[in-house]
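Hi everyone, thanks for coming. Let me put the structure up on the screen, and then we can walk through it together.

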Amino acid sequence: MVNELDVYEVLKHLTAVDSTQEIIDLCAQCFESIVKELKSGTDTDDPRILNAAAAKAFYLLCVKEKSAQTGGEITSFKA
């Protein structure tokens, strides 16, 4: 069963991030949000789901960091 620590391990490959409770909670929230979007019966142990959750966490960390640098003006961005 995939959990937030598995998501965190993948996230560490995307960016240098410390294992704080805030980051672990973010990983859990991202995994849960990805799972909610899946069709019923989908295997949640699929590595693609783990990678999607880590990518979403990375995106949210980027938005948060940029928002902090600009005084809270950034809420999303397009790539």
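Look at helix α1, residues 4–14, and helix α2, residues 21–36: their axes come within 8 Å and cross at roughly 105°. Axes here are lines fitted to C-alpha atoms, for helices over the stretch in contact, with angles running from 0 to 180 degrees between N-to-C directions. Angles of 65 to 115 degrees count as roughly perpendicular, so that is what we call α1 and α2.

Which residues meet there? From α1 we have E4, L5, V7, Y8 and L11, and from α2 come I23, I24, C27, A28 and F31, with contact meaning heavy atoms within 4.5 Å. By type, nine are nonpolar, none polar and one charged; Ala, Val, Leu, Ile, Met, Phe, Trp, Tyr, Cys and Pro count as nonpolar, Asp, Glu, Lys and Arg as charged, and the others, Gly among them, as polar.

A word on where this comes from: it is a predicted model, where local features need pLDDT of at least 70 and side-chain atom pairs pLDDT 80 or more, while totals for chains, interfaces and linings use all residues. Residues are numbered from 1 along each chain as its sequence is written, and side-chain values use heavy atoms, leaving out hydrogens and water.

Zooming out, the chain has three helices and zero strands, helices being DSSP runs of H or I with at least four residues, and strands runs of E with at least two, numbered from the N terminus. Of its 79 residues, 32% are buried, meaning under 20% relative accessible area with a 1.4 Å probe, protein chains only. Its C-alpha atoms fill a box of roughly 40 × 25 × 20 Å along the principal axes.

Technical notes. Angles under 35 degrees count as roughly parallel, over 145 as roughly antiparallel, 65 to 115 as roughly perpendicular and the rest as oblique. Buried means under 20% relative accessible area, exposed over 50%, partly exposed in between (1.4 Å probe, protein chains only).
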